[in-house]
Amino acid sequence: MLWSHTKRVSMTIPLFSCHFLILIYHVSLSVLILVVSGQCSSNQQQSLLLQLKNSLNFEPALSTKLVKWNNVSDYCSWEGVSCKGGCVTHLDLSWESISGGLDNSSALFGLQYIEHLNLANNNFNYTPIPPKFNKLASLSYLDLSNAGFAGQIPIEISHLTRLVILDLSTFYLPGTPVLQLEHPDLNMLIGNLSEIIELHLDGVNISAQGAHWGQAISSSLPKLRVLSLSSCNLLGPIDVSLLKLQSLSEIRIESNNLSTPVPEFLSNFTNLTSLRLMNSGLLGTFPEKIFRVPTLQIIDLIGNQELQGSLPDFPKNGALQFLFLARTNFSGLLPESIGNLKMLSKVDLSNCNFTGPIPKSMESLTELVYVDMSANKLNGSVPLLSMAKNLTNINLSYNELTGQINSIRWENLINLDLRFNQLNGSIPVSLFSLPLLQKLLLSNNQFSGKLHEFANISSLDTVDLSSNNLEGTVPMSIFNLRGLKILSLSSNNFSGSFPLNSVQQLKNLSSLDLSYNSLSISYNSTNSSESSFPNITTLKLASGELRTFPNFLRDQSRLRYLDLSQNQIHGEIPNWIWKLNNLLQLNLSFNSLVTLEGPLTNLASSLSVLDLHSNQLQGQVPIFPPFATYLDYSRNSFTSSIPADIGDFFTYTLFLSLSSNKFQGSIPGSICNASYLQVLDLSNNSLTGIIPPCLTATGGTLVVLNLRRNKLAGRIPDRFPGHCTLKTLDFSGNLLEGQFPKSLANCRVLEVLNLGNNEIRDTFPCLLKNISTLRVLVLRSNQFFGRFGCSNTTGTWPMLQIVDIARNNFSGEIPGKSLTTWQAVMGNEDAQSSIDHLQFPVFRFSDGLNYQDAITVTTKGLELEFVKILTVFTSIDISCNNFNGSIPAQVGQLKALYGLNMSNNALTGTIPSSLGNLTQLESLDFSSNSLSGPIPPQLTQLTFLSFLNLSDNQLVGMIPIGDQFYTFSPESFEDNEGLCGAPLPVTCSKTSNSPDAPSKDQNKDWGIKWEIISAEIGFTCGFGIAIASLFFCKRWRISYYRVMQNILLKIFPQLEERFGDHRRHVYINPSWRR
């Protein structure tokens, strides 16, 4: 009983306790609901929201939430508002065009039960984040990204200990205020925020070393999954302490200055899905193990130009979706295993150094959407990629791809860019029928054949087929592409007539380029309405056989670029062309234009580039337009003098050429007022007077100064400034006198110096020896004197390729040591240039606007003008001076030399045999000296030698036989009394010196003459074989006799009678007769 009672009591107590606890829970819950309901009265919550609306500055026309808040509806149903039990817990005011009205007194901070707050993508005009955010203690989600806050992030944010997601990121614009983490720093901000799983501080100026920011994050945020710290001015290295964060799945620390190798420990994050390190100054070799992380979906290394690496063998069923390596130094072959990445969607490998073919395995990838492998060295064919049904973009431009385009199964393709490859064959007409294709870029390939008509079902807006070998007529179906905006067919072989009036059908056309074909562009002004033409911004019709200016152009108010060069337009330039307010570039060069229609005053032209060169324009030079940066009036017939105030009109001008006209008078000093001038070319006129001193004193911008072939007199102003920027200085062909300007040594980047054909009297300008960039030095036809070369010339002029000091009074011996410092002439690859000819780009971001240096060179006995100075062309001309002594043996080290002229001096001794090393030599002139000895047989090894003049010397012996020497005329060797042998009419005697017998005392040659013995043996063997054949072969003997008999009878017909009937006994094989 006792036990039973005890048991009953013990069972009753737990049951009572359970009921009691349930009762307490219900009571507590009721009290809590009453308390909360009491704190979150609807009137209070609605009032706070309306106060917040009224305090914020926003644009009602752009608002989708605040503009709808009112007293009529339930506030919990307002746009952007969510509630629990009447309390506002979620508030989303993102993208509301808010421009201010948030401070510590804001009603926002009265909404104390908010858990989720989003103010992203507004503009609070760079005001600080209010410290009162600490009043919102329930916040677990705070998004202030791109909201326009700036200044120090308040320490009060660190009091929000329930935060799970914090986003304070901002889009950084240079020159604008930014958010900062200094006091507090990163460690203080996140020290108490241990619940955070996502931290976004992109664009916040943290400015911390790798160990500081890495350890602060790893020690404070143990649950972190997403770390986003792009553009935070972070420094490297990436600290190993981050390995503590094993939940980390997304790492984004791009656009910082880490300047560190990528650590291999990043491959140990087992949950890593996204690694974004774009533009972070990464160094070294990227660890291949990271590519093999099985969970990795996104890897972005774009813009780390010093980061090396190669793609690994990818495992099967990899998760990688986005592979972005553009503008890095990755290289090597693309692995065939890339086909294992079945989820691969976007690939950007552009501007790397990948080589080899594009793997065939990529053709099996079905998820591909975007492929960019442009600007590599890939070869082989274009992959089919037909399995990728959602593929929208293919960019394989700037590679070395060959073959034809085979695949046309790109139904969803939007952009196709195969420019700058070596693709050939015809262009598949089906490309024009891909339903979604917008951009078709196939320029700079080797496509050929005709472009056939096609069906119009496409969405094409851009077609670029320029710089190929396409031929035939332009298909008229082009004009059915009603959405076409850009059409470029330039630099092909299209022929026939192109009706410009048909352009009226392309209402959206903005750019048309038909230049450099064999088209006859026709325009009929009577069959078109000028207002019906589309608003074109770019029109290029160069080399199109146009004879007049198309009238519809006068109404093209949006026209910006117009090229009508190399046509047959004659007469006057219409005045309306200067009234096209948006016209920036106009090229009318290479026509037959004579005058400019007036008046030319008060024109509102905004032209920046005006090219009128190579016409027949006459009269006064036009001084316009006011904003021009490039003006080329060269190769016309402008007369009179250059206006005295011309320089006052060139406020922004970079390039001015008045060359090859008929200008007279002096160069006006106002030309120096063009303070931005980089190129000034007044050459080939009849200008007189002195060179304005301010021209040489101008510093900072002037790069090219060309005054050659005028009648300028006086001294060269010796006022070149210490910051001289000149690269080309050409004063040749004038009447300049005096000494060489000493201050020219200040021009440390000088490349071309031409003072030839003047009356300058001075010694060799050794003061230039520290100008390591010098490539061309021409001092010919002056009065220079003294020794040639400089002492202590180690490293002098390593780039020098053309030296012409001919027709002066230099004397002494030729300094062989000085010649060996000219590395470019010696064939040193380090001295070679990456460009093919000397030029100066006036506009670095525009095609074709370059100044090209020209020079007159005496080579192969002729005076030739090179309109382009090829960087591979090398020449040394020291002729017509008073040099004596021997030719230095060091000349044989100038292996890249094309032309060598030492004629008309007093050189003695022998011709060095080392000249046989000059395998590139094309012209050699040693004439009119006192050279002696034989001609070295090594000269026959110069297979490119096309001009040789050794005349008027004291050379002896037999002229070498072989190769190029067979092509030289007797004039190359005349007036050398001791020379003999072809091509001279003098036969060599047995005692004559030969190239193989250098000594005069050696009168006999007891060696075996193998060439004579070989001929004798050959004749004897051939004759013996012929006789033996006739003796032993009856058939051959009978045939031989028959042929010889017929020959004799034709020569001597009278023998017919003597042969008589004996002829019938001669056997003639019938089959042979057939």
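Which residue forms a salt bridge with Lys289? The legends below describe close-up views of a predicted model, and the view that answers this question comes at the start.

**View 1. A salt bridge between Lys289 and Glu264.**
Glu264 is the partner of Lys289, and the closest N and O atoms of the pair are 4.0 Å apart. Lys289 is partly exposed, at 43% relative accessibility. Glu264 is also partly exposed, at 44% relative accessibility.

**View 2. A salt bridge between Arg292 and Glu288.**
The side chains of Arg292 and Glu288 meet at 3.8 Å, N to O. Arg292 has a relative accessible area of 36% and is therefore partly exposed. Glu288, with a relative accessible area of 30%, is partly exposed as well. Side chains of opposite charge can pair when their charged atoms come close.

**View 3. A salt bridge between Lys84 and Glu115.**
A distance of 3.8 Å, N to O, separates the side chains of Lys84 and Glu115 in this salt bridge. The two residues come from distant parts of the chain, 31 residues apart: Lys84 is in strand S2 (residues 81–84), and Glu115 is in the loop between strand S4 (98–100) and strand S5 (116–118). Glu115 is partly exposed, with a relative accessible area of 27%. A search of the whole structure finds 14 salt bridges.

**View 4. A network of salt bridges.**
Three residues, Arg780, Asp804 and Asp877, are linked in a network of salt bridges.

**View 5. The largest nonpolar core.**
This core has 260 residues. Leu91, Phe133 and Ile217 are the residues with the most contacts inside it. Among the elements that give two or more residues to the core are helix H2 (42–55), strand S3 (87–92), helix H4 (210–220) and strand S31 (493–499). H2 provides the largest share, four residues.

**View 6. A negative surface patch.**
Asp952, Glu971, Glu974, Asp975 and Glu977 form this patch. Asp975 is placed in the loop between strand S68 (954–958) and strand S69 (978–980). Is Asp975 buried or exposed? Asp975 counts as exposed because its relative accessible area is 53%, and the cut-off for exposed is over 50%.

Tyr652 is in the loop between strand S42 (637–638) and strand S43 (655–657). With a relative accessible area of 43%, Tyr652 is partly exposed.

**View 7. Lys223 and Leu248.**
Lys223 and Leu248 are 25 residues apart along the chain, and their C-alpha atoms are separated by 8.0 Å. Lys223 has its place in the loop between H4 and strand S11 (226–228). Its relative accessible area is 39%, so Lys223 is partly exposed.

**View 8. Two cis peptide bonds.**
The bond from His183 to Pro184 is cis, with omega near 10 degrees. Pro184 is in the loop between strand S9 (179–180) and H3. The bond from Gly236 to Pro237 is cis too, with omega near -5 degrees. Pro237 is in the loop between S11 and S12. Most peptide bonds are trans.

Most residues other than glycine have a negative phi. Asn279 is not a glycine, yet its phi is positive, near 50 degrees. This residue, Asn279, lies in the loop between S13 and H5 and is partly exposed, with a relative accessible area of 31%. Ala375, which is not a glycine either, has a positive phi of about 60 degrees. The loop that holds Ala375 runs between strand S20 (370–372) and strand S21 (377–380). Ala375 is partly exposed, at 22% relative accessibility.

Key:
Residues numbered from 1 in each chain as written. Predicted model: local features only at pLDDT ≥ 70, side-chain atom pairs only at ≥ 80, totals over all residues. Heavy atoms only, no water. Patch = residues over 30% accessible without salt bridge, like charges linked within 9 Å, V, L, I, M, F, W, Y side chains within 5 Å. Areas by Shrake-Rupley, 256 points an atom, 1.4 Å probe, with all protein chains shown as cover. Lys, Arg positive; Asp, Glu negative; His and termini not counted. Charge placed at Lys NZ, Arg CZ, Asp CG, Glu CD. Buried < 20%, exposed > 50% of the residue type's maximum accessible area, 1.4 Å probe, protein only. Core = buried A, V, L, I, M, F, W, Y, C linked by side-chain atoms within 4.5 Å.
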